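Biologist: I have the sequence and the coordinates open, and I would like to go through them with you. Could we begin with the terms, and then take the elements in turn?

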Amino acid sequence: MLRRASSRVVALAQQRIMSQRGVSSSLIKFEEEDASANSKQEFLKKFEPIGGTLAPPEFPSNFVPKEAAGEEEKAGVTPDKLKFNFFMPHSTVFKGENVDLVLMPAVTGDFGVMPGHVPTVAELRPGLVTVHKELDKDVEKYFVSGGFAFVHEDSTADVCAVEAVPVSDLDPEAVKAGLQEYTAKLASVQAKGDDYEIAAAQVGVEVYSAMNAAVGN
């Protein structure tokens with residue numbers, strides 16, 4: 001099973017948070033809402049005698065959902081935990097998991113995501129996604145063949161990977177054998193000049209090299 005896990009991975013591989021509003025601004029808003037409501041009532045009283053069989057008119061504000069109580073107090077506050085989702089085409093690793101930190105292998109370099117991270121979209125290269133449910137205490141590591149990461153302004157993050165396996169499922173001996181195989185294959189096909197075979201071998205070398213580094217951590 002460990003050998004199949006590494007082989008499957010190789011095959012598939014081929015802004016700012018709003019600032020908190022003050023009490024004074026909230027008070028002004030409530031006063032404006034009261035004034036607006038009074039104006040509507042005055043208008044409807046004047047409309048009723050001349051409206052006849054017409055239904056009373058609707059106002060644009062009738063179709064705007066009211067803000068949840070206490071939303072002003074919550075705006076701009078960074079939560080203690082990052083809400084993390086981790087998806088593959090055939091399964092879900094995490095959904096709505098509250099974590100402290102997620103480390104990701106982007107093509108531009110590794111980066112970490114914590115609550116309050118700026119919105120980001122990153123392409124992932126073969127490597128480790130390390131999930132710290134509790135910082136440096138409860139940690140899970142997954143090897144991904146590639147994919148994309150999305151970090152949102154509400155302190156949620158999504159990883160969408162083509163394939164991912166727990167690092168514990170990787171067989172170090174199978175990984176070393178695969179790396180040797182693809183390294184030899186790359187040297188062989190480069191002499192033939194077949195671009196497709198060269199590209200496939202390069203992907204194999206890249207993924208097995210990343211896996212080899214992962215099982216060594």
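Modeller: Rings of Phe, Tyr and Trp (its six-membered ring) pair if their centres lie within 6.5 Å, and planes under 30 degrees apart count as stacked, over 60 as edge-to-face and the rest as tilted. This is a predicted model, in which local features need pLDDT of at least 70, side-chain atom pairs count only at pLDDT 80 or more, and totals for chains, interfaces and linings use all residues. Residues are numbered from 1 along each chain as its sequence is written, and side-chain values use heavy atoms, with hydrogens and water left out.

Biologist: Which residues do ring pairs link into a cluster?

Modeller: The search of the whole structure finds 5 aromatic pairs. In one of these, Phe 84 and Phe 86 are tilted, with 5.9 Å centre to centre and 50° between the planes. Ring pairs build a cluster whose members are Phe 84, Phe 86, Phe 94 and Tyr 142.

Biologist: Which residue in S9 stands opposite Phe 86?

Modeller: S1 and S9 run parallel and are joined by 5 bridges. Strand S9 (residues 156–161) is mostly covered, as 5 of its 6 residues are buried, where buried means under 20% relative accessible area, exposed over 50%, and partly exposed in between (1.4 Å probe, protein chains only). The residue in S9 that stands opposite Phe 86 is Val 159.

Biologist: Which residue takes a positive phi in the hairpin of S8 and S9?

Modeller: Strand S8 (residues 147–151) and S9 run antiparallel, joined by 5 bridges, and the bridge partner of Gly 147 in S9 is Ala 161. Their hairpin has 4 residues between the strands, and the one that takes a positive phi, near 65°, is Ser 155.

Biologist: Why does Thr 130 count as buried?

Modeller: Thr 130 is found in strand S6 (residues 127–134). Contact means heavy atoms within 4.5 Å, and, not counting residues up to four places away in sequence, Thr 130 touches Leu 101, Val 102, Leu 103, Val 139, Glu 140 and Lys 141. Thr 130 counts as buried because its relative accessibility is 7%.

Biologist: Is Glu 163 buried or exposed?

Modeller: Glu 163 lies in the loop between S9 and strand S10 (164–166). The side chains of Glu 163 and His 90 are joined by a polar contact of 3.3 Å, a polar contact being a pair of N or O atoms within 3.5 Å, where within protein one must be able to donate a hydrogen and the other to accept it, and residues adjacent in sequence count only if both atoms are side-chain atoms. Its relative accessibility is 1%, so Glu 163 counts as buried.

Biologist: Which backbone nitrogen does a side-chain oxygen of Asp 194 reach at the start of H5?

Modeller: Asp 194 is placed in the loop between helix H4 (172–192) and H5, and is partly exposed, with a relative accessible area of 36%. A polar atom of its side chain lies 3.3 Å from the backbone nitrogen of Glu 197. At the start of H5, a side-chain oxygen of Asp 194 also reaches to within 3.1 Å of the backbone nitrogen of Tyr 196.

Notes: Helix = DSSP H or I, 4+ residues; strand = E, 2+ residues; numbered from the N terminus. Pairing = 2+ DSSP bridges.
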